[in-house]
Amino acid sequence: MNQKGSLIILSGFSGAGKGTVVKKLVKDYGYLISVSATTRKPREGEVDGVSYFFKTVDEFEHLIEEDGFIEYAQYVGNYYGTPKKYVEDQLEAGKNVILEIEVQGALNVKKQYPDALMIFITAPSVEELKARLEGRGTESQEVIEERMKRASEEVEEMTQYEYIVVNDIVEQCAADINSIVIAKHCELNQKLDFIEETRKGFANI
């Protein structure tokens, strides 16, 4: 019996290492990252259906009208959104799908998918978070301060999440998240069909 996959809503502070952890989950545990749709033009090397689902504005707006997105937004003149059908098809196929999303959108997704797992990734300390942002060497001090300010606001929203996972060692962080998902799959309400099949099996003996 093919068990439905889990939708994992993954958020975290900028600099906490979400991207690295997600890559580890994909590589070592076979998770899928939700592929977004966008109206921006493909960049060199990007593949439709892999990097993004590339849509015209008309196509995108038609999907909006048809309630075809879990969430969407406009950014710098282009639409970006999470296609509902793609995510639901993957879940039905038994795949665990990661939706990496900012705190603001996470609660809206949870309302649509009450069974989704809400996981927040954090660095071990505020000092370590700042050190990681500075260690990138790609952002000005002003941008780093902005990211730290945003993180101080997100702290107040961490209590909305079901699980807080500290990313000290990437391998351990990914393993912890995978353990949470395994536990979810073993919950009673996830196994009702299995129980019914087992009941029928005993009846036939």
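What volume does the largest pocket have? The points below take this up first, for what is a predicted model.

1. The largest pocket has a volume of about 900 Å³. Its lining consists of 25 residues, and those nearest the centre are S34, S36, Y52, Y80 and E100. Two or more lining residues come from each of α1 (18-29), β2 (32-33), β5, β6 and β7 (97-100). By type, the lining of the largest pocket has 15 nonpolar, seven polar and three charged residues.

2. For the second largest pocket the volume is about 340 Å³. It is lined by 15 residues, with F13, S14, K18, E102 and R147 closest to its centre. Helix α6 (residues 141-154) contributes the most to this lining, namely four residues. Here the division is three nonpolar, four polar and eight charged.

3. An open sheet of four strands runs in the order β4-β3-β6-β5, with mixed pairing. Its edges are β4 (53-54) and β5 (69-75), each of which pairs on one side only. Two bridges join β3 (residues 37-38) to β4 in the parallel sense, and T38 has F54 in β4 as its bridge partner. Helix α3 (residues 84-92) packs on the sheet and touches β4, β5 and β6 (78-83); the directions of α3 and β6 make an angle of about 25 degrees.

4. D168 sits in the loop between β9 (163-166) and α7 (170-185). Its relative accessibility is 55%, so D168 counts as exposed, the cut-off being over 50%. Leaving aside residues up to four places away in sequence, D168 touches P124 and R132. The C-alpha atoms of D168 and T122 are 8.6 Å apart, although 46 residues separate the two in sequence.

Note on methods
Residues are numbered from 1 along each chain as its sequence is written. This is a predicted model: local features need pLDDT of at least 70, side-chain atom pairs count only at pLDDT 80 or more; totals for chains, interfaces and linings use all residues. Side-chain values use heavy atoms; hydrogens and water are left out. Two strands pair if DSSP finds at least two bridges between them. Contact means heavy atoms within 4.5 Å. Axes are lines fitted to C-alpha atoms, for helices over the stretch in contact, and angles run from 0 to 180 degrees between N-to-C directions. Buried means under 20% relative accessible area, exposed over 50%, partly exposed in between (1.4 Å probe, protein chains only). On a 1 Å grid over the protein atoms alone, a cavity is a set of points where a 1.4 Å probe fits but cannot get out, and a pocket is an open set with protein on both sides within 12 Å along at least five of seven lines; lining residues have an atom within 4 Å of a point. Grid points are joined across faces, edges and corners, and a volume is the space filled by probe spheres set on the points. Ala, Val, Leu, Ile, Met, Phe, Trp, Tyr, Cys and Pro count as nonpolar, Asp, Glu, Lys and Arg as charged, and the others, Gly among them, as polar.
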